[in-house]
Amino acid sequence: MKTFASCLFISLFSTGFINGAHQGYGDSVRVRFRATVNGQPLKFDSTYTNSFGEDFTVTAFRFYVGHLALNNSNNTWVKSRTAYHLVDAKISTSEIIEIPRGTKKITKLKFQVGVDSLDNVSGAQDGDLDPAHGMFWTWNTGYVMAKLEGNSSFSKVPTGSFTYHIGGYKGVDKAIRNIELSISNEMAIAILQSKTDDLIVDVEIGKWFDSVHPLKIAEKSFVHGPGPTAKLYADNYSTMFSIANDMKP
Amino acid sequence: MMRRIFIAIAMIFCFGLFVFNAEIERLAVTPMKFPVPKGFPLPEYRFQNNPLTKEGFELGRKLFYDGRLSKDGNFPCASCHQQFASFSTYDHPLSHGFNDQFTTRNAPALINVAWMKELHWDGGINHIEVQPLSPMTASNEMAENIDSVLTKLRADNSYKKMFRAAYGDDKINSQRMLKALAQFVAMLISADSKYDKMKRGEASFSATEKSGYEIFQNKCSSCHREPLFTDDSYRNTGLPVNPKLNDFGRMIITGKSEDSLKFKVPSLRNVYLTAPYGHDGRFYSIGAVIDHYRNSVVDGPTTDSLLRKKIAINDDEKYDLLQFLRTLTDSTFIKDKRFAQPAN
């Protein structure tokens, strides 16, 4: 019994090392997030108008995608190898999901916007969770799960900016949002047959201001911490994702 | 015998106290033991994913004393956390930062930090490894940004060497910097005061100290709980808010009105070295703090129930209490060369 107990400890420790091993998948799908405003690809030098008639420009747009996974023909979820991916509208990147060779069908894409509670309380991280990426509250520990910054003549702050830093991992303040998107048959076929294997997710910035809740820039020009207001924006941006109808980069 | 061996093995694994570590074996590093003082509970920070090594500790020590972690080079961690003051700021109610600015709080003593669940007066920091990011990036403290600090470190060959010694290669990133700082700060253990010696049977209290200890146990120790001399909780001790600072403490973090004016209970270890007192350093002497508890606690909506009626301490008791608090000074700790500014 005594020996068994110590063996158990060792095996628990060992699994941590094995986890990184990868089974031999052959094919992959590249998932890209493409920021749009009013349906058009985001341009940082353009002035836009939201549904309340407020003008705005975008200077920064970033969010964490966590636990990205594709549903395949066997109705199983195939996960991305990396737990988190920081999407930054200024940097073109994609996340690769390796799917079993010969996958005939992909039906759904799911992910969360944000960083798990556990990863908010586990100290210094690296990679996409490196606090140097500026998606981290240093005075009230926790990740900024999504960030939208820009300028508007309707802003109430002296510099004319709006800064929405949305996060919260504790109890009622939790701002993590789960997203699940269906992939049409035509799109699934096109993706699996194409050479680029790109699955593009459009990310509509306009939804931040008006979707589940109406949130005018004139009424709220900044959010810099977790809480009830941050959650309103999280509700709104949880509706900003859709599978694109094209496969252009 | 078997039973003892088993317990020893189980303890090593359960408590993660870093003896068995494949990574340590692979790297040519010198593992260090984290010494839990007799009578102390297990620490909150157990060096998970950050095995304590001589090389990591020394790197953390160099970083702690390095002004390059601040924008203008003048504000290393050690500028507000001075060893002779038990790693608090000597004689300053509020810390000074970049460009002649004041912060809004008194720098807390960095002792026995590994036993704290949360850090800062308001508990805003949930992990020892990420704490340095707060002063480093605050515009009225070190006023730097992380990338800029890393650029400065990468340009210095001595850092390349030390990162390689600690981590096996010379990659310098925020995670490695923060983990090394955590190793140094977590090692700032103070447990060698006269009080500790008395507990270990190596010293004995005078009659006055003994009397002071009894008064302490009756009237102070429910918040300043032994052996850490804090229960790590947040309480409103009936200090009226300073209208120029408007610091509402814990409420800033939780957003809850019931946390208004609550601050972390500070440890009383080395209390004679850490003046001034209070979250904003408004008390210049320990006597003044005791007088506050005797006479001037403000009974507001969140004032701690233990303090509502103030604490009855007469002048004789106050004298004895002060004599007892003197026994909490750990002179070994403040002279410990391992924690001093490194030579290079």
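Trainee: In this predicted model, in which sense do strand S4 (residues 55-72) of chain A and strand S8 (residues 106-113) of chain A pair?

Mentor: DSSP bridges link S4(A) with S8(A), and there are six of them. Within this pairing, Gly66(A) stands opposite Gln112(A) in S8(A). The sense of the pairing between S4(A) and S8(A) is antiparallel.

Trainee: Which residue in S12(A) is the bridge partner of Lys108(A)?

Mentor: S8(A) is also joined to strand S12 (residues 177-182) of chain A, by six bridges, and the two run antiparallel. In S12(A), the partner of Lys108(A) is Ser182(A).

Trainee: How are helix H3 (residues 54-64) of chain B and helix H7 (residues 157-167) of chain B oriented to each other: roughly parallel or roughly antiparallel?

Mentor: The axes of H3(B) and H7(B) come within 8 Å and cross at roughly 150°. Angles over 145 degrees count as roughly antiparallel. H3(B) and H7(B) are therefore roughly antiparallel.

Trainee: Over which residues of chain B is the pLDDT below 50?

Mentor: Chain B averages a pLDDT of 93, and 92% of the residues score at least 70. One stretch with a pLDDT below 50 has ten contacts in the model beyond near neighbours in sequence. This stretch of chain B is residues 16-20.

Technical notes:
Residues numbered from 1 in each chain as written. Chains lettered and ligands numbered in written order. Predicted model: local features only at pLDDT ≥ 70, side-chain atom pairs only at ≥ 80, totals over all residues. Heavy atoms only, no water. Axes fitted to C-alpha atoms, helices over the stretch in contact; angles between N-to-C directions. Helix = DSSP H or I, 4+ residues; strand = E, 2+ residues; numbered from the N terminus. Parallel < 35°, antiparallel > 145°, perpendicular 65-115°, else oblique. pLDDT = per-residue confidence, 0-100. Contact = heavy atoms within 4.5 Å. Pairing = 2+ DSSP bridges.
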